[in-house]
Amino acid sequence: MVRDEDVVHKFRQSNFGRLSFFVGFGIFLFLLSNRVDELRVYQGATLAMYVVAIASLILLTGYSGQVSLGHGALLAIGGYSAALARNHLSAPVWITFLIAVLVTAMAGAVLGTAAARLSGPYLAGTTLALAVGLPSIANQFGFLGGEQGLLFDVGFPPASLGEDFTQYKWYFWIASLAALISIWWLQNILRSRYGRSWRALRGNEVAAELAGIHAGKSKTLAFTISSGLAGLAGALLAMTISTVSPSAFPLSLSFALLTGAILSGVTTLSGVMIGALTLVATPEIAAAISNRFSTSENVTTNLPGLLVSALLILVVLLVPNGPVEQMRTVRNRKRAITR
Amino acid sequence: MIGINRRRLLVASAVLATSGLAISTVPAQAFSPRSEVGVTAKTIKLGVTIPMTGAASPGYNKLPSAMKAYFDYVNANGGVKGRKITLVVKDDQYVPTLAVAKTNELILKDKVFALLAPLGTANVKAVAASVNPGRRGVPTLFVNTGYSGFANKKAYPTTFTLLPSYIVEAKIIAQYLKENFADKKIGLLYQDDDFGDDALAGFKEAGLNFAVKVPYASGSQGLSGVPATWIQKLSTGGAEVVVLFGVSSATGAALGTAAVMKYAPKWILGSVGGDATTIKALGVPAGVLYNATGASFVPATTDTTDEYIKLFQTINAKYNNNAVFDNNVLVGMNTAFLTVQAIAAAGANPTRKALIAAIEKKGASFASAALTPLMYSATSHVGYSGYWFGTYGPTGDLKPNGGTYSVYTTDSGTGAVVKSTYKRPAMPANGLPAN
Amino acid sequence: MTLVVTDLTVDHGAIRAINNISFRVEEGQLAAVIGANGAGKTTLLRTLSGLTHATGGSASWHGTELLYSKPEKLVRRGVSHVSEGKSVIPELTVKENLHLGALWRKNSDEAHATQEMILDTFPRLRDRLDQQADILSGGERQMLAIGRALMSKPSLLLLDEPSLGLAPLLVAQIFQSIRALTSQMGLTVVLVEQNAMSALKIADMGIVLNRGRIAASDSSVHLIANPQVRAAYLGY
Amino acid sequence: MYKFLNTVLIGITSGAIYSLMALALVLVWRSTRVVNFAQAGQALLSTYIGYEVIQNFHSFWLALAIAMVAGAAVAALIDAIFMRTLFKRAAEGPIAGVAPIIATLGLLGLIRALLGLVVGGKEASIRPPVSNIGFTISGHTLAFSPLKLLIVASVLFLMLVLSLIFQHTNVGLALRASAYAPEIARLAGVKVDGIRTLGWALAGAAGAAAGMLQTPDGNGALSPDSLEFSLLLVFGFIAAVIGGLESLVGAVLGGLLLGLVLAFVLIYISGSLVFITAFVLLIIVLLVKPGGLIGSRRGRRA
């Protein structure tokens, strides 16, 4: 309680400060993108995509207490709507992203209405079945492009950016901008009336309802916004691989996003980078380890899975609320003692 | 050094691309007269992304070690023009996102000379669109999928396919069925995605009609009860001859379940799902395959009278931990064998451009274990284009019908199916291409 | 056999729920713990039964240290706790709820005898023996909860707000039953109540908690007579 | 006629397999309120242990017994080491509902990766213990064999025995009480931690049985990347949710319903509708009865 008031207080004091932080961070990313090589820029774009997707899950799970095992399906909806809008309507890039957000949000609203009636394992089961079932729809309708999917080409970077401006840097810029805007906007939502009602529901649903919060509506809204963000992430994913196809949204993606959310700490948006970074970096770290210590194929192929799983279990066991929340708790405790 | 060169190369490609030139065969030597990316005086580095883990990995995950085994064999015998070949393997789990990420690592971090044998239509397509090896001038050799689209040189300028396309295969199977089972009711099991769609297109082109067509969703073959529904539909449809045009796990599931339901039509196995060793590894008893018909473009893996099989089995024993010698191992080694020839043909200081040119110019005459010709030319990036038919023996060995391999060839378009007169070039001494 | 609580302190995170309290309850006595909401009454009971961990101090019953032990162990030493809010399991039948309290008892004949005694005291439960507990009325649930606790053959009974949400008439009835049972079985009872007057009326002694500290502790007769207590807690 | 009969038989047998996994999931859910995704990994591990027993002692039945015991032991260890710690550390807060699911997903990945390290790339398969050739009635072979009879019988047997244990024994009462209201159960003297571990162990044994029976009914091959086990988990879970998660009978009914609906859709409509059908069926059931076919009224909100 104390903490929330504290944060709100700070926010009121420095609404402008927050905005300038985001702008500053954006400028930092911009400068960074000129310093690093093309692979890192590409990975940066993937990272930004993960940031949006994980933020979407954090909103859903950490703030409104709903579980989604099928977030990959929502990403797929976003990716496909963006690609269809681009290919059939020749929509400008930013419009395709907007369309992805809106279409997925609408799908999320429908799903969220059903989801608000379900809880815990029932919702988990439904979202899991959705993640398994949805991609195979692509093979039922020709316009979805079947197994090989659809092309999604956001186009070349504007010529005004210079000759040595690579495609991936362009992706990175788009993805980073999308991520920055999403996180900024999401933070504002979380500080609004809606954010407060989600937190109240998370704490105690019965008490929140007594206080006049409509649990069903509130959860559906969370599901809708979360879906919209997932749709954006899906469009970003489609951009980085320039295509959408059913196999780009496997069940393992849904699980990976959940892993990322847990590693970030589902209760705080500010840890979102941690999870995204882990998802991007773990395979590389695993490869480095197995290159150094072993030549066995079994080790090389299974080490990334082993590392991610072990990390996930450790985080859930040791810092269940996430590293950021943990640090905050420790800091608060210290502060309490020094007082 | 290399970093700067590569950067300039990319700049140049971007410029070319933005100015509307679709094909970029950037003269890399212009910037780097001494050595190409991934090539040193002593080594050549190649890369492959392939499903090593996950549901799609069984079978395919044997390819990299087979390729490595052949490269090790060549390296032990002096390498290619003194250069030893290394192969960087990345696991893409059959997921396009990962295929793109890993291919980027191969090109940008590991700085490989060329990409080898990528797999999966969606993966190759995503890599082509996002990483765009075509624009970067990175050769993608011997794509390991039968999707016909990748042979389109305009869209995929640096890509060479290897397997006969699914359309080719379907046309040849249709011809075989018309010749041998004209009066029978024919059934088809196919995967309900592009793989199956290509096959359907091929059968349609050949004018073959099926009494029963059973589609299955990719992945559903592993679900208890699903294969039984196929067999039920095929048997109620009265199919006397059944074409199994799916992946190995689907073939295995169909054959195993048919045995349960005592349904015994004449089975015709497509090449993708027709490798006896893989099917047996799935737990299907060899006896179930007995008398089924199979199609292949390489010699039977058990045919030790074949000089390639003999050599590859020796290499397999020495450099591949004596793994089970199946079609995956055979195709893997054959791919490596072709790769070595291509690099050798690219000259004393191989460049990416020279590699592509060498395959276009000399690819059709490369030695290869396959019994069908390679169709590479300046205008075509199509690899093999034919099949022979055989019958599985009691232990699951595929033996050519009539004792000799009679190969049929055709193209992915409207071309007729013809009996091939191709004479396979003799294997170079010890399977080591002349340097 | 005396319940001796010495210097007991319990923290809930940063909040000190019980602050260094000490008291005694003699064998066979019924002690009422009264106080405002948040005074620490429920925390006190939860700590004595092992559900909540104490920060410091000690509490012994019959030579057994109650703190830092687990509830399932303390039950076997004779400590039974009826937690706040009708502690029955609605998914189980009445019989199963009762039976649950005696699962650990080796002697099933004895357990059966206890059950008969409980059903004699609360005859309404006998009629509903095979029905699911979720159809019981509030009063019946409280009877069942107390019955379940008695099935464990306790020597120390901890009761948390048995009157919560019940009609006044029913409250009187329940309290009479509690008094009768404790005398009959020779129980020592710690009864936590908001309904201070009713509790003190049946109690031998009373403890008044205020913000985690003991505000007053005396025989119930004296407490009822104490004008300050009357004003603050008894409402007249 | 035979088409219809066979469709029903295919639906029942495959439904029975889903039910076995659903039973295991329901057992864990009932005893600890956790949806155990590691169940597929545990079943795979147990089946590998069974495979090793067959290799050494050439008896399927011995292997089944040992696999079930091993499955129980592994499950008990997982609960005692991981889940207990987890429940103590993440008992409250927003993570409480999600943490167990995540932890079991992590365990699933861990078991698979470890299996991949140890047995990856090696071939292993299990032959059916009894004939898997269909029965014949007046010249027509049914989609039902002695092996499938064994599977259906095992499911019914397990369901009955477990239901009897749950409804009519002291252990069963303790299991139910610990699941519904752990605090009250503890106050009544139930050693809840141990009882929960017992619930996990029962589930581990049921999961092992599912793995040992499904493997020879498919083609018999085992692999750490097994598609069969992933699908078994997903469809077993869907069956359990359809059944209401609370009830063993519900799990079996859910499994059979899923199996039958899939068989009819695949045979009478289209072979490629597997995954969509499962999703649609689940949605329909949950829209009509949000707590599943046999869900307790409280279960929905838990």
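Guide: The expected span of a helix is 1.5 Å times one less than its number of residues. In this predicted model, helix α7 of chain C covers residues 168–185, 18 residues in total. From its first C-alpha to its last, α7(C) reaches 26 Å, close to the 26 Å expected at 1.5 Å a residue.

Next comes burial. Here a residue is buried if 20 or more other C-beta atoms lie within 10 Å of its own, and exposed if 12 or fewer do. By that count, C:V171, C:I174, C:F175, C:I178 and C:T182 are buried in α7(C). These residues cover an arc of only 100° around the axis, which puts them on the same side of α7(C). An α-helix has 3.6 residues a turn, so residues three or four places apart point the same way.

The buried residues of α7(C) have several packing partners within chain C. Three of these are strands: β3 (30–35), β7 (156–160) and β8 (188–193). The helices α6 (138–151) and α8 (196–202) of chain C also pack against them. On the other side of α7(C), the residues C:L169, C:Q176, C:A180, C:S183 and C:Q184 are exposed. Just after the helix, C:G186 takes a positive phi of about 65°.

Now the wider setting. Chain C does not touch chain B; the nearest C-alpha atoms of the two are 35 Å apart. Chain B has 15 helices and 14 strands. Its radius of gyration is 22 Å, close to the 22 Å that the globule rule gives for 435 residues, so chain B is as compact as a globular protein of that length. Along its principal axes, the C-alpha trace of chain B spans about 70 × 45 × 40 Å. Of the 435 residues in chain B, 66% are buried. Among contacts in chain B between residues at least 6 apart in sequence, 70% join residues at least 24 apart.

Five pairs of chains touch, and the most contacts are between chains A and D. There, 46 residues of chain D are in contact with 43 residues of chain A. On the chain D side, the elements that give two or more residues are α3 (60–89), α4 (99–119), α9 (227–243) and α11 (274–288). The largest share, 14 residues, comes from α4(D). By class, this side of chain D has 33 nonpolar, nine polar and four charged residues.

Terms used
Residues numbered from 1 in each chain as written. Chains lettered and ligands numbered in written order. Predicted model: local features only at pLDDT ≥ 70, side-chain atom pairs only at ≥ 80, totals over all residues. Contact = placed C-beta atoms within 7 Å. Helix = DSSP H or I, 4+ residues; strand = E, 2+ residues; numbered from the N terminus. Nonpolar A, V, L, I, M, F, W, Y, C, P; charged D, E, K, R; others polar. Arc of directions from axis to C-beta. Rg over C-alpha atoms; globule rule 2.2 N^0.38 Å.
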